[in-house]
Amino acid sequence: MSDYGHELWFGSFITPTARPPQAPVELAQTSERAGLDLVSFQDHPYQSAFQDTWTLMSYVAARTERIRISGNVLSLPLRPPAVLARAAASLDRLTGGRVELGIGAGAFWDGIVAMGGRRLEPAQAVRAVEEAVDVIRGLWATDETGPLRVTGEFYTVNGAKRGPAPAHRIPIRIGAYKPRMLRLTGKIADGWLPSLGFLPEGPASLRAMNEQIDEAASAAGREPAAVSRLLNLSGRFTSGAGGGLLQGTPGDWAEQIADLALQYGVSGFILASDEPADLNLFGHEVAPRARELVQSERVT
Amino acid sequence: MNYGHALRFGLHLPSDADCGAGRLVEVAGLAEQWGLDLLVVPAGTAGDDLEPSTVASWIAAATVSLGLVLEARPATLHPAMLAGAVASLDRLTEGRVELAFRAGPSAAASGTADSVAALGEAIAVVRELWNVLDRGLGRFTGRFYRLAGAEKAAPAHDVPISVDGQDQDLLRLVGLRADEWSTGCDAVALTQGNRGVDEAARGAGRDPREIRRRVTIRGGFGERTGRFTGTAADWVNDLLPLVVEHGVGTIVLDTVERDVAAGFASEVAPALRAAVDAVLPRGWSGARVRRSAVRARRLPGIDYESAPPEMAEVVEPGDPAYARLRSGYLRGGAPGVILRAATNEQVTQALAFALRHPGVALSRRSAGHGVSGRSTNHGGIVIDVSLMNAIEVLDRKTRRVRIGPGARWAEVAAALEPYGWALSSGDYGGVGVGGLATAGGIGYLARWHGLTIDRLRAVEMVLADGSVVRADDSENPDLFWAVRGAGANFGIVTAFEFEADDVGAVAFARLTQDASDLERYLVEWGRAVEDSPRDLTSFVIVPPPRGGRPALAVSRTMVDSSDPETVRARLEPLAAISAMYAQDIVITSYAAVMDNASDDPPVSHGEPVSRSGLLRHVTPQFAAVAARMIRSGAIGWFQLRSVGGAVADVPADATAYAHRDANFSLVVMGGADEVVDRAWARLSPFLDGLYISFESSLRPERIAAAWPPRTLSRLRELKSVYDPEGVFGDNFALTPAANHPGGSTP
């Protein structure tokens with residue numbers, strides 16, 4: 001059992017399809033109406049079937065009122081951290097604090113290189129993420145005196161003016177699977193953002209990975225609970241029970257999600273679906289029921 | 001000098017972090033409300049300046065018509081990412097975005113010359129990624145930037161790229177690559193800058209008029225203390241020489257004061273337009289000059305400069321929209337020009353343009369899905385009426401609806417559904433109304449409700465002489481007769497009036513069955529359909545068996561009933577033919593079945609090869625030949641659609657679609673004419689007539705198969721009345737009757 005006691009929240013993961021361009025905008029609005037807490041988009045700039053994720057997020061932000069917005073996850077090799085920091089802070093100010101950052105070290109290196117990005121070895125990519133987070137947080141730290149100076153292996157900032165300051169403390173979450181990146185997540189991140197489908201043994205993988213994050217957090221003098229645990233999910237709603245994980249009624253889903261929360265400490269559940277009906281069930285039926293179940297279990 | 005550009009007025013958006021979301025949206029909203037053309041979203045350099053592309057996207061979502069000029073400093077972003085961001089925003093806003101580069105100290109480049117060179121490369125990278133006219137991946141190798149096979153993504157429109165600055169190297173870059181030069185408002189700087197830009201442009205083979213000139217001004221109203229102070233009339237006096245003598249086309253006001261912005265928009269702008277109208281021959285609205293790179297792709301034989309300026313859109317081979325408009329659903333095309341008409345008047349003008357080009361192919365397009373591929377061509381003119389897509393209910397009691405030719409049947413079905421109505425169309429929602437409703441329309445409700453043309457009550461159309469006429473049973477009844485089955489020969493229909501049918505919930509069955517005994521399957525399917533009451537219409541596709549896998553028959557059947565017992569009774573005979581591999585039976589709406597169309601533009605290459613035939617019955621003899629053809633691999637597509645029923649209730653001479661006694665329509669497609677024709681020859685003894693929309697062959701003998709002799713001779717007489725010169729000669733072209741006044745020899 002590794003419940004970190006975080007409050008549960010629920011989100012959607014919507015394909016940023018370019019055709020038709022308004023489709024993901026409408027699904028974000030559906031997510032908000034369904035009562036979900038967050039809408040998120042993957043980021044594959046080298047994929048012409050997708051829109052530019054940051055542009056879409058900014059547009060969606062103006063067309064929604066309450067829901068939080070995140071990349072899931074943003075491709076760091078193609079998004080220089082200084083620009084990303086200013087863009088995120090700008091959008092956070094415009095939305096009154098609805099922006100969250102999910103970042104990744106980069107996947108599909110051929111695509112990244114085709115766009116003019118630099119190919120990094122896995123170890124380099126981990127170090128690049130650490131430097132990027134330093135740059136981002138450094139630019140946000142407008143209460144610190146003097147310009148930002150970072151001399152890194154991948155990112156160098158020569159006395160940049162800090163700012164703008166975000167409207168709230170924007171959480172930075174990292175999509176991590178391998179030991180080095182998990183340790184970095186424990187060391188510096190506000191959250192961990194893996195996808196269930198990429199976990200080698202499904203939910204069972206979460207235990208050992210959590211431990212690596214927890215150890216790294218403790219070693220850096222942080223509380224393990226300072227790193228929230230999120231999970232991208234996919235599944236299918238059915239009318240009868242008897243399916244596997246997330247293959248059943250909304251009630252089955254709620255029980256399984258409560259179990260993931262209580263057993264593995266996951267507090268943010270993000271459903272990958274472009275079906276309005278799924279998003280509605282997830283927001284209106286699964287979320288309240290799962291919250292109740294976790295609440296009653298934590299009380300007893 | 002003046003360059004003949006349309007005058008545009010804009011506002012410079014204040015965007016430091018103190019400027020909250022509410023204020024930004026308010027400024028943008030006011031700019032839009034005041035009728036300003038554009039808003040410049042600046043790339044500031046202060047620490048608390050908001051990031052411009054984020055701000056531009058935010059404002060885009062809160063406005064509907066305002067142009068957005070996104071400033072970018074190439075130093076801060078990789079140009080490939082910038083290209084993607086701008087393309088996305090331009091698509092989200094349906095073409096409201098412009099890109100404005102400001103040179104500056106570059107991370108990639110040190111020194112001014114290098115920073116200009118880096119900017120030049122950035123523009124080249126952006127243009128490369130937006131250039132979807134040349135297929136393939138984006139490549140660029142420069143000193144600062146590199147693309148190694150990146151996917152291209154075009155914006156919604158030809159996004160103009162402007163460059164700001166005064167430096168000699170920058171001016172040269174503007175002349176070489178930019179669409180607009182942006183600077184302050186100093187007259188001397190304008191004179192020198194224009195000279196530098198124009199020289200560089202001419203040196204690169206460009207017309208200086210391709211490049212707009214933009215100034216940014218500051219000022220106030222009240223006491224006259226210098227330029228852009230005093231009254232609106234004073235401002236006009238200051239601005240007029242900038243426009244008339246220095247060719248300024250875009251005037252941007254940089255102010256934080258609302259009253260000044262309001263005065264600029266509501267007093268200065270109209271007064272300046274009027275003043276410019278008084279002194280310049282083309283007035284303030286100017287003339288569009290295409291980039292030399294666009295003009296370079298023009299084809300011989302077409303007088304592009306005389307294209308009607310009133311057209312909704314004129315798309316040339318160098319325009320970005322060409323990539324999505326050149327081809328049809330099944331046929332690759334490379335027309336010389338696409339004239340997009342949105343009104344009867346525009347259709348008439350487009351037709352007049354085509355008539356000034358004798359010998360140049362003319363095609364007409366509603367939505368471009370046609371199987372026979374007649375809606376595009378190579379090197380010719382396409383009149384595209386896809387923008388005429390309105391769907392309007394004229395009378396609820398008589399279920400009378402008026403529909404534009406460019407509407408697609410999925411949209412028609414969705415619009416009629418709330419009334420409990422439907423119009424039987426075809427089997428794909430992406431098909432346009434115009435092509436189908438002038439040929440026949442063999443749809444999922446055919447046996448119960450007839451052909452689409454059987455529900456047609458009137459048309460409005462543009463004839464070969466450019467006149468606009470109405471045709472129905474009492475007015476121009478001959479023409480109305482001809483339009484229903486041979487419409488492409490007589491004009492361009494610009495509005496259809498249909499009487500929709502009452503259609504409630506329907507059953508739709510998708511069955512995949514064993515067809516290893518193909519002959520038996522075909523015969524029994526045909527018998528089951530013919531024996532069934534009319535509320536059943538079935539289409540079946542038999543894909544050629546591949547790689548030892550079992551032969552399949554894939555049928556789509558609609559039953560115009562939602563009663564489970566009725567549906568079961570109708571479907572049982574079909575289901576009983578052979579073993580079922582997959583079945584999916586739903587009670588749904590006609591609109592839901594039609595909602596199956598992709599919105600992606602067609603990317604077809606090459607020529608479709610399709611043959612159409614109509615037949616009475618699926619006899620064992622026909623089935624044996626058909627099965628041999630399918631198994632031979634000579635064809636790649638074999639579909640039978642049931643007709644008959646209500647279709648056959650209409651007398652053969654009531655419309656130009658005359659083959660009313662057929663119970664089935666057959667279409668096959670393959671790779672090469674000779675191969676398909678050889679296979680088809682064995683089938684033809686069983687066939688009587690064809691359906692023109694499914695026939696790609698241009699051989700004259702197919703005309704005789706399309707229309708039986710009496711129909712054909714009446715059509716040819718009418719052709720000699722309505723189109724004696726054969727203006728409409730691209731789609732089963734009839735030769736006018738020789739013995740008729742105005743007729744020519746066949």
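Okay, housekeeping. Residues are numbered from 1 along each chain as its sequence is written, and chains are lettered from A and ligands numbered from 1 in the order in which they are written. Since the model is predicted, local features need pLDDT of at least 70 and side-chain atom pairs count only at pLDDT 80 or more, while totals for chains, interfaces and linings use all residues.

So, where do the chains meet? On the A side 34 residues are in contact with 37 residues of chain B; contact here is C-beta atoms, placed from the backbone, within 7 Å of each other. Helix 2 (53-63), helix 3 (81-95) and helix 4 (109-114) of chain A each put in at least two residues. The largest share of that side, eight residues, comes from helix 2 of chain A. When I say helix or strand, I mean DSSP runs numbered from the N terminus: H or I with at least four residues for helices, E with at least two for strands.

Now chain B on its own. We've got 23 helices and 28 strands there, and the C-alpha atoms of chain B fill a box of roughly 95 × 60 × 50 Å along the principal axes. Of its 746 residues, 54% are buried. Buried means 20 or more other C-beta atoms within 10 Å of the residue's own, again placed from the backbone; 12 or fewer is exposed, and in between is partly exposed. If you take the contacts in chain B with a separation of 6 or more, 70% are between residues 24 or more positions apart.

On to the cores. A nonpolar core is a set of buried Ala, Val, Leu, Ile, Met, Phe, Trp, Tyr and Cys residues joined through C-beta atoms within 7 Å. The largest one has 187 residues, and V129(A), L39(B) and L68(B) have the most contacts inside it. Helix 5 (residues 122-140) of chain A gives the most to this core, ten residues. Which residues does V129(A) touch, leaving aside neighbours within four places in sequence? Those are L76(A), I103(A), A105(A), I174(A) and L184(A). There's also a second, separate core of 143 residues, which includes V529(B), V559(B), L690(B) and F728(B).

While we're in chain A, have a look at W192(A), in strand 9 (residues 191-192). This tryptophan is buried, with 26 other C-beta atoms within 10 Å. Beyond four places in sequence, the contacts of W192(A) include R173(A), I174(A), T185(A) and I213(A). I213(A) is 21 residues away along the chain, and its C-alpha atom is 8.7 Å from that of W192(A).

Back to chain B for the annotated part. UniProt, in an unreviewed entry, lists residues 330-503 of chain B as "domain: FAD-binding PCMH-type"; positions are in the numbering used here, feature names are shortened, and annotations may be inferred rather than shown by experiment. Over that stretch the chain is 22% helix and 26% strand, with the end C-alpha atoms 31 Å apart.

Next, an open sheet of five strands in chain B, in the order 15-16-20-18-19, with antiparallel pairing. Pairing takes at least two DSSP bridges between two strands. Strand 15 and strand 19 (468-472) of chain B are at the edges with a single partner strand each, so one side of each has no neighbour in the sheet. Strand 18 (residues 456-462) and strand 20 (residues 492-499) of chain B pair over six bridges, with E460(B) standing opposite A495(B). Helix 15 (residues 477-486) of chain B packs on the sheet, touching strand 18, strand 19 and strand 20 of chain B.

Last one: helix 12 (residues 409-416) of chain B. Why call helix 12 of chain B largely enclosed by the rest of the structure? Because six of its eight residues are buried. Among them are W409(B), E411(B) and L416(B). The buried residues of helix 12 pack against elements including strand 15 (391-395), strand 16 (400-403) and helix 18 (590-594) of chain B.

Notes:
Two residues are in contact if their C-beta atoms, placed from the backbone, lie within 7 Å. Axes are lines fitted to C-alpha atoms, for helices over the stretch in contact, and angles run from 0 to 180 degrees between N-to-C directions.
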